[in-house]
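Colleague: I am new to this entry and would like to learn how to read it. Could you take me through it feature by feature?

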Amino acid sequence: LRGMPREEAEAGLTFAGFAVFHCPSKPESAPSLKALKASGHRLVMITGDQVLTACHVARELGMCTRAATLILEPPASSGGGEYGGGEGAAAAAAAA
């Protein structure tokens with residue numbers, strides 16, 4: 001499949017619906033990160049998730065201190081969709 005064009009791989013398929021996965025953060029994650037930050041540690045996230053997923057999780061866990069998130073990396077040229085990503089992609093979010 002890797003060498004097959006997308007149009008060919010998706011030809012003849014019928015859309016059957018969406019699958020939604022929910023993987024909530026552990027309840028102790030936010031307080032632990034808050035304690036680390038308060039003790040002078042710099043918080044950094046390195047993940048294989050999509051950039052916007054990583055930003056959402058970082059904000060949810062209190063890693064972001066700014067009202068807006070600025071993504072300065074251009075989208076990946078292959079795989080992963082509009083905001084980059086795909087196999088082996090890395091996104092980083094850091095609290096300033």
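Modeller: Start with the surface. The model is a predicted one. The accessible surface of the chain is about 7900 Å², and carbon and sulfur atoms hold 59% of that area.

Colleague: How many of the residues are buried, as a percentage of the chain?

Modeller: The chain has 96 residues, and 17% of them count as buried.

Colleague: Which nonpolar residues form a patch on the surface?

Modeller: Phe15, Phe18 and Val20 do, with about 460 Å² of accessible area together. Val20 lies in the loop between helix H1 (6–9) and helix H2 (29–38).

Colleague: Why does Val20 count as exposed?

Modeller: Exposed means over 50% relative accessible area. Val20 counts as exposed because its relative accessibility is 76%.

Colleague: What about charged side chains?

Modeller: Side chains of opposite charge can pair when their charged atoms come close. Here the count is one salt bridge. Arg6 pairs with Glu10 in a salt bridge, and their closest N and O atoms are 2.8 Å apart.

Colleague: Is Arg6 buried or exposed?

Modeller: Arg6 counts as exposed, at 61% relative accessibility.

Colleague: What pattern does the chain follow along the sequence?

Modeller: The pattern reads α-α-β-α-β, from three helices and two strands.

Methods:
Residues are numbered from 1 along each chain as its sequence is written. This is a predicted model: local features need pLDDT of at least 70, side-chain atom pairs count only at pLDDT 80 or more; totals for chains, interfaces and linings use all residues. Side-chain values use heavy atoms; hydrogens and water are left out. Helices (H or I, at least four residues) and strands (E, at least two) are DSSP runs, numbered from the N terminus. Buried means under 20% relative accessible area, exposed over 50%, partly exposed in between (1.4 Å probe, protein chains only). Accessible areas come from the Shrake-Rupley method with a 1.4 Å probe; for residues, only the protein chains shown count as cover. Patches are made of residues with over 30% relative accessible area and no salt bridge: like charges are joined within 9 Å, nonpolar side chains (Val, Leu, Ile, Met, Phe, Trp, Tyr) within 5 Å. A salt bridge is a side-chain nitrogen of Lys or Arg within 4 Å of a carboxyl oxygen of Asp or Glu.
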